[in-house]
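Thanks for coming. I will walk through one model this morning, site by site, and then finish with some backbone details.

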Amino acid sequence: MKILDVYIEYGKTSLDRPFSYLYDGPKNVEPLFRVLVNFGKQTVMGFVSRVQETSQSKEEIEEANGFSLSFVEEIIDEEPLLNEELSRLAGEVAEYYLAPKTAVLQTMLPSSLRPARSALKGPKIAYETWVRLLDPNEEGLTSDKQVEMLRLLAENKEVLKKDLGSPSSLEKLIELKKAALFKKEKDRFQIPEFEKEQAHPLTIEQSRAYQKILSTEKEVVLLQGVTGSGKTEVYLHLSEHYLSEGKNVLMLVPEISLTPIMVEYFSRRFQNNVAILHSGLTPAEKYDEYRKIASGRARIVIGARSAIFAPLSNIGLIILDEEHVESYKQDQSPTYHAREVAIMRAKHFGAKVLLGSATPSLESKARAMKGVYEYVEMGHRVNEKALPSTEIVDLSKPYNRIPGYDVFSKKLIAKIKEKLDRHQQIILLMNRRGYSPYIGCHDCGYVYKCPNCGSFLTYHKNDNMLKCHHCDYVAKYPDKCPECGSTKIKRTGYGTERIVKKIEELAPNARIARLDSDVAKVRNRLNKTLEEFRHEQYDVLIGTQMIAKGHDFPKVTLVGVVQADLGLYSPSYRASENTFELLTQAVGRAGRSKESGEAIIQTFNPFDYAITTGAKQDYEAFYKKEMENRKIGKLPPYYYLVVIKVRSKNQEKAAEAAYDIKADLEKQQFDKVYAIGPATPYIAFQGGYFTKTILVKYRVRDELFPYLKALGKRLSGRAGVELSFDVDPIDY
Ligand code: ADP
Ligand code: ZN
Ligand code: ZN
């Protein structure tokens, strides 16, 4: 007879402990095997954390324990889910991020291998379910969500089911015979074959960087290189070095859309040693790639955030390109940052972590300046092209603007026309999607807000809907004001859709493409649009931040930032840093080959330091100023942050628990620990739960974290309150 300690599949703080079950069958069972067990009258999946042999009978065990035990229903695996290194990593991640063990495993593993019942539905299917439009008529639909979905289908004819969202809306569309499911054989994922390419000889600056990265004793290196300084070539040379020593390489990029380019670079150099891992792959693809890596058939893994958990062994080098980008942080439990996990893994293998960026995060830069990380700089562009010349245009001055166009300056439009005449390309950055961000009644002043979270609703012209950008609420465009009945609906402000319309008016012969997450929602449209723009099928690309990062468009000579200050008023402590980074990245898109580039930055705040230093690409000046502000505000990198989230179905209980926690925390009188709140987060009510948050600022973990962990165990699940933590939050 065996006694098994089993963690069950619900990744909640309150259930983050093992429950005991018995097994008396012929199968082998070890830690990190998945099992099915009965939990609260339901069959759930779990994973084994400990196995004890015993000669006692069920009755004797129960007698000794004082409670009854049940037998596991089934043992699923024949080998442990993770190797030793990864299972240790899982423990370390759970510990650092105060996250339930099950939640960590579910994040680390591809869906078919997760400890979750959904994994049983079969991973290896080579089919995907698609949805086809049958009838675009909106009659009979019972919710606006359904209308939105039908309009998306009407526009695209066929959409991958998992891209559509809301299963209940889809069911309704199918029931009404407006849409139908069909299966398509999925192209098994394959990296195209690229011709082998010889390495470029490094420039003097690159070669100095390369040598220093290899020779330093320090585990982590920050490579700060201006845009166009050739960081990728350095990554490739370093990879070659480690591969030749028999070590393997993990290459992370911040966004899925940047993987194909990186895969091409690496495949050209190293042929078929490359595997890809990111959340955009289908479960079957991900399973294949996962097996390929685990079995040692791939020596280089390229992917976005989650690839940091790739089952690659014998790692010599982990690279995070554009290390400052926020998408390296997961916003759900476990709230891990790929950079921290990289450092954990590197410790195990004695590997090196290379952080590359033109605009490092303040945290990384500060650690490099303190000598915790090695610091390597590349200040020149490979082609010696000067950085683009930039100009700030003050939109608050009416004489700068084109009459009748409140976000277009004479300067920008004249430049656009000049570039069009020369057949050069233009990028316009507008970091807000939709048509206009405020919709109100002209007569009584009523403003449309989200009934779930209270934020302003954005009008989307494409499908004629009002949408909340903070939760998933949608509504049909109103025909009259709900307050006074007036039919005069007013739209105020700008989003990408409206910028497209205005440019069409101002430059009628321009061929324009738009890219934002509304467009990118439908599979392949992102890559297709980028490809078409690269092949000059468009003159102007208008989009949100997704067009600012990483891409190399040789024909672009003008970057216009339509409203540079949009991000400055976000409630996050990183608002200035994000604004600075976005501007630097955007400006860096111009003039990357023969022709020199220019950038025009329009703003209502021409004197804000994030904007002035961003326009000049003056990282050091920004860093200095922002560090002063962070010091005054007791913010990272001077202080660390952790957010305690209290959730309950009952609003009062959530608030009460939050106040209790704060009082208890203050009673501890930890040195240099400050608790702020409780506060109500932006999305305070979602999925039937109310949330309250407490922000804690601290300098050392030693006392605080054991306390928080105990707190999680003590309070969570009691009286209908659930606790969770966001360690090192970035959007607070
Ligand atoms: P970064 O990522 O630092 O912005 P890239 O890696 O995109 O810069 O490099 C900019 C350009 O310079 C690319 O077109 C790249 O192919 C080219 N390049 C980089 N290193 C070399 C080299 N040593 N010799 C020739 N071309 C290079
Ligand atoms: Zn009205
Ligand atoms: Zn909302």
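Let me start with ligand 1, which has 16 residues around it, the closest being P201, Q206, G228, K231 and T232. Keep in mind throughout that this is a predicted model. By class, the residues of that shell divide into four nonpolar, eight polar and four charged. Which helix gives the most to the shell? That is helix α8, residues 231-244, with three residues.

Now the polar contacts of ligand 1. An oxygen atom of the ligand sits 2.9 Å from an N or O atom in the side chain of T232. Backbone atoms take part as well: a polar backbone atom of G230 is 3.1 Å from an oxygen of ligand 1, and for S229 the corresponding distance is 3.3 Å. As for cover, ligand 1 taken alone exposes 570 Å², and the protein buries 73% of that.

Next, the metal. Ligand 2 is a zinc ion, and the SG atoms of C441, C444, C481 and C484 coordinate it at 2.2 to 2.4 Å. Along the chain these donors follow the spacing C-x2-C-x36-C-x2-C. What is the arrangement of the four donor atoms? It is tetrahedral, because the angles they subtend run from 105 to 112°, and the test for four donors is that all angles lie between 85 and 135 degrees.

C481 has 3% relative accessibility and so counts as buried. C484, at 41%, counts as partly exposed. The cut-off for buried is under 20%.

On to E497, which is placed in helix α14, residues 496-506. Is E497 buried or exposed? It is buried, with a relative accessible area of 10%. Its side chain has polar contacts with backbone nitrogens: that of N462 lies 3.2 Å from a polar atom of the E497 side chain, and that of Y435 lies 3.4 Å from one.

Two loop positions next. I191 is in the loop between β8, residues 179-185, and α7, residues 204-215. At 21% relative accessibility I191 counts as partly exposed. I191 and V274 are 83 residues apart along the chain, and their C-alpha atoms are separated by 8.3 Å. G165, in the loop between α5 and α6, is also partly exposed, at 41%. From G165 to Q424 there are 259 residues in sequence and 39 Å in space, C-alpha to C-alpha.

Last, the backbone. Most residues other than glycine have a negative phi, and most peptide bonds are trans. Here are some exceptions.

Where are the cis bonds? One runs from P636 to P637, with omega near 5°, and P637 lies in the loop between α19, residues 619-632, and β29, residues 640-648. Another joins G677 and P678, with omega about 5°; P678 is found in strand β30, residues 674-679.

For positive phi, K177 has a value near 60°. K177 lies in the loop between α6 and β8 and is exposed, with a relative accessible area of 61%. Q617 is not a glycine either, and its phi is positive at about 55°. Q617 lies in the loop between α18 and α19, but this residue is buried, at 16%.

That is what I have. Questions are welcome.

Terms used: Residues numbered from 1 in each chain as written. Chains lettered and ligands numbered in written order. Predicted model: local features only at pLDDT ≥ 70, side-chain atom pairs only at ≥ 80, totals over all residues. Heavy atoms only, no water. Donors = N, O, S within 2.8 Å, 3.2 Å for Na, K, Ca; no water. Tetrahedral: all angles 85-135°; square planar, octahedral: opposite > 155°, others 65-115°. Buried < 20%, exposed > 50% of the residue type's maximum accessible area, 1.4 Å probe, protein only. Near = heavy atom within 4 Å. Polar contact = N/O pair within 3.5 Å; in protein donor to acceptor, adjacent residues only side chain to side chain. Areas by Shrake-Rupley, 256 points an atom, 1.4 Å probe, with all protein chains shown as cover. Helix = DSSP H or I, 4+ residues; strand = E, 2+ residues; numbered from the N terminus. Nonpolar A, V, L, I, M, F, W, Y, C, P; charged D, E, K, R; others polar.
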